[in-house]
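Take a moment to look over the sequence and the model, and then let us walk through a few places together.

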Amino acid sequence: MQKRQLGRDGLVVSAAGLGCMAMSGMYGPSDRAESIATIHSALDAGVNLLDTGDFYGMGHNELLISEALRERSRSDVVLSVKFGAMRSPDGSWLGYDARPAAVKNFLYHSLTRLNTDYIDIYRPSRLDPNVPIEETIGAIAEMVEKGYVRHIGLSEVGVETIRRAAAVHPIVDLQIEYSLMSRGIEAEILPACRELGIGITAYGVLSRGLLSGAWSKERVLAGSDFRSHGPRFTGENLDHNLELVAALQTIAEAKGASIAQIASAWVVAQGADIIPLFGARRLHQLHDSLTSLDINLNADELGIIERAIPKGAAAGERYNAYLMQHLDSER
């Protein structure tokens, strides 16, 4: 597995990370044994970056990762944890809490569930509109000084917030959605991160399955799958988006690859400072995703892909209206 430097401060991670959210019910039911086997297979393949959130299954995901790492060396793994999202017992979203006291409280729980003394990258999951970003980052910086956190990251925030946060403490990376169907970072956010030496950990590289090549409009989603309320997965939006995906078939066949592998390889080709997070929860998904790291797209092929799915071509917002209003990156 190739390695890449994340940010300017020397954190070295694998060329791709494993996003573990889907292992805790966010995309419907998952299998515990299969999830742990997938984590083990990723580690064996050289993936050292594991991404989670304390609200994925409200602790379930962190406990799952802890179990998977029980026989592994802690120093071989880079744990990236998001915090701050609040949910009710019925699973609904209640907003975000990034007050300094809440930062330390969330961190204590994550350290306990993950059975570790430190977290490699700690980040607020979204901007708390009631708390200045300087206060949130300052609180995490205190935890860096005490050794509980190694690096500070951000998630789904805009340029102004990125600059304000970086003025308080070095930021190692911005976690944000980036794919052929979600290219909003290219205009301002990506250039600002590159100016400041902040890496990108890109989630949603397959646009939550739309770019998998296996999606169909007949697919029925479980009620617990948050895509069932996603604008890109409903009605005419879905019909339009599936037509875009079908346009990738020619280049995929020419490369002897799947549509999903081409979509992933496109993200990898956008720069060495971009680390894709593959949201695999099954072994075959992981294998297909990691294979994309070996696919080299030349200028002509990138041009074909650009014409197939040009910037802004996707129909529908990335999230539903409630979640979109909390995305500082969209403002």
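The side chain of Gln5 reaches the backbone oxygen of Gly7 at 3.0 Å, a polar contact, meaning a pair of N or O atoms within 3.5 Å; within protein, one must be able to donate a hydrogen and the other to accept it, and residues adjacent in sequence count only if both atoms are side-chain atoms. This is a predicted model, in which local features need pLDDT of at least 70 and side-chain atom pairs count only at pLDDT 80 or more, while totals for chains, interfaces and linings use all residues. Residues are numbered from 1 along each chain as its sequence is written, and side-chain values use heavy atoms, with hydrogens and water left out.

Gln5 sits in strand 1 (residues 3–6); helices (H or I, at least four residues) and strands (E, at least two) are DSSP runs, numbered from the N terminus. Leaving aside residues up to four places away in sequence, Gln5 touches Gly10, Leu11 and Val12, where contact means heavy atoms within 4.5 Å. Its relative accessible area of 43% makes Gln5 partly exposed: buried means under 20%, exposed over 50%, and partly exposed in between (1.4 Å probe, protein chains only). Gln5 and Ile275 are 270 residues apart in sequence, and their C-alpha atoms are 9.4 Å apart in space.

Now for the salt bridges, each a side-chain nitrogen of Lys or Arg within 4 Å of a carboxyl oxygen of Asp or Glu. How many salt bridges does this rule give? The count comes to 17. In one of them, the side chains of Arg123 and Asp173 meet at 2.9 Å, N to O. Arg123 belongs to strand 8 (residues 119–124) and Asp173 to strand 10 (residues 173–177), so the pair ties together parts that are 50 residues apart in sequence. Both Arg123 and Asp173 are buried.

Another salt bridge joins the side chains of Lys311 and Glu186 (4.0 Å, N to O). Because Lys311 lies in the loop between helix 11 and helix 12 (321–324), and Glu186 in the loop between strand 10 and helix 6 (189–196), this pair ties together parts that are 125 residues apart in sequence. Lys311 is partly exposed, with a relative accessible area of 44%. A network of salt bridges links Arg183, Glu186, Glu306 and Lys311.

Elsewhere, helix 4 meets helix 5: Ile133, Glu134, Ile137 and Gly138 in helix 4 touch Thr161, Arg164, Ala165 and Val168 in helix 5.

Finally, consider the backbone. Most residues other than glycine have a negative phi. Met58 has a positive phi of about 45 degrees although it is not a glycine, and this residue is found in the loop between strand 4 (49–53) and helix 2 (60–68). Asn115 also has a positive phi, near 55 degrees, and its place is in the loop between helix 3 (100–114) and strand 8. At 66% relative accessibility, Asn115 counts as exposed.
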